[in-house]
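The following exercises are to be worked through with the sequence and the structure at hand. Each task is followed by a solution in steps.

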Amino acid sequence: MHYNIAVIRGDGIGPEIVGEAIRALDAAAKRFGFTLNYQDVLMGGCAIDKTGVPLPEETITVCKSSDAVLLGAVGGPKWDTLPGHLRPEAGLLGIRAALGLYANLRPAVLFAPLKDACPLKAEIVAGGLDILMVRELTGGIYFGERGRTTGANGEEAYDTERYSVMEVERIGRIGFEAAKKRGSKLTSIDKANVLESSRLWRETMHRLAKEYPDVAYDDMLVDNCAMQLVRNPARFDVVVTSNMFGDILSDEASMITGSIGMLPSASLGDGTLGLYEPIHGSAPDIAGTDAANPLATILSTAMMLRYSLNQPVAADAIERAVQKTLEEGWRTADIAAGKEHIGTRQMGDIVCRMIETA
Ligand code: NAD
């Protein structure tokens, strides 16, 4: 098999971590007998510098005709003062919309060798932590009508949460399908005791649940979910929720694993095309110093192999290689807890070596 991958290296540490992720993909391709072609495209600050816009048309065209998109991270202080539509982050929203990527999948996994990085008490995570957060990405309050007006008390502002049955059904299905492939448990998060949009969300999820009798389904209010994530996170398998609740809860779920440099993500739509990126940003404070942890980006390539390229065996091998690397004690500075550590490049070398045998 042969696959075309669009590559957005981006800004800050983006080029360094993407370089290591490509080496890991190549190692997996060599071992499992498929080939990959990479095409670099611009997005973010580097695109602004070269073309004047954060998301050039050519980038969208190349991404649309690829099998998958690999993204490092975009943004940095150099572009912080530009108006909103010209900032690097506008590229992120733009590419998700242009590719119809309405589902964001973020695994929050506590790697056993890194359990000391977890800020929760040891007994709470004794059984490990492996949650998949599924967040709706192109609807809800981030895309609803907003504005400013003048009310009885002077200036006012408003944002609108709006969801259609279709939008809830399609993200709900992603949640159920993902649960079927994991622990067969899905929790849908809403605020149905207050919000009408959440009541429609819940009704729709209940209807959908009847189609998935093998998945244990429950609902939870968002405030309770925020609490349960730190009280009893092991109760969750797959969690599905709206854009804003997902934004907040997926950061909470990530942080309880204690290692921002370790967590990958996938953004998916109706077809197999997906965009794969680490959850962290461009870390301008350590850019160009060989200090970035490349593991989140390398783990993003495992998600790419699983969800877009249908190479689950290669995906498993990359994840096992990362696990073995950590078990052998190799650490970049962010996960070394002040102890001895290695750089970005050497971490990439070790993972590639592990992929050959993992
Ligand atoms: P950040 O995630 O870039 O960095 C937060 C902290 O974590 C920093 O101390 C950084 O050094 C560290 N860190 C992040 N990734 C790391 C890694 N792989 N290895 C080691 N340490 C790592 O968040 P920020 O500082 O708030 O944002 C920096 C820039 O990134 C901003 O311009 C922001 O808009 C942008 N950003 C981009 C994305 C994206 O491209 N998807 C996401 C978030 C933030």
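**Exercise 1.** How far does a polar side-chain atom of H280 lie from a nitrogen atom of the ligand?

*Solution.* The model examined here is predicted. Begin with H280: the distance from its polar side-chain atom to a ligand nitrogen atom is 3.1 Å. Since a polar contact is a pair of N or O atoms within 3.5 Å, this pair lies within the cut-off. For A283, a backbone N or O atom is found 2.8 Å from an oxygen atom of the ligand. Finally, consider the area: the ligand taken alone exposes 810 Å², of which the protein buries 68%.

**Exercise 2.** Which of the 19 residues around the ligand come nearest?

*Solution.* The nearest of these 19 residues are E89, G281, A283, D285 and N293.

**Exercise 3.** Why does the largest nonpolar core lie between domain 1 and domain 2?

*Solution.* First, identify the core: it comprises 65 residues, and I5, L105, M262, L305 and V322 have the most contacts inside it. Helix α1 (residues 14–32) supplies its largest share, eight residues. Next, compare the domains: domain 1 (1–101 + 270–358) and domain 2 (119–256) both give residues to this core, so it lies between them. Then examine I5: beyond its neighbours within four places in sequence, its contacts include L36, Y38, A68, L70, M304 and L309. Lastly, a second, separate core has 19 residues, among them L120, V222, F236 and V239.

Technical notes. Residues are numbered from 1 along each chain as its sequence is written. This is a predicted model: local features need pLDDT of at least 70, side-chain atom pairs count only at pLDDT 80 or more; totals for chains, interfaces and linings use all residues. Side-chain values use heavy atoms; hydrogens and water are left out. A nonpolar core is a set of buried Ala, Val, Leu, Ile, Met, Phe, Trp, Tyr and Cys residues joined through side-chain atoms within 4.5 Å. Buried means under 20% relative accessible area, exposed over 50%, partly exposed in between (1.4 Å probe, protein chains only). Helices (H or I, at least four residues) and strands (E, at least two) are DSSP runs, numbered from the N terminus. Domain bounds come from an automatic or database domain assignment. Contact means heavy atoms within 4.5 Å. A residue is near a molecule or strand if one of its heavy atoms lies within 4 Å of it. A polar contact is a pair of N or O atoms within 3.5 Å; within protein, one must be able to donate a hydrogen and the other to accept it, and residues adjacent in sequence count only if both atoms are side-chain atoms. Accessible areas come from the Shrake-Rupley method with a 1.4 Å probe; for residues, only the protein chains shown count as cover.
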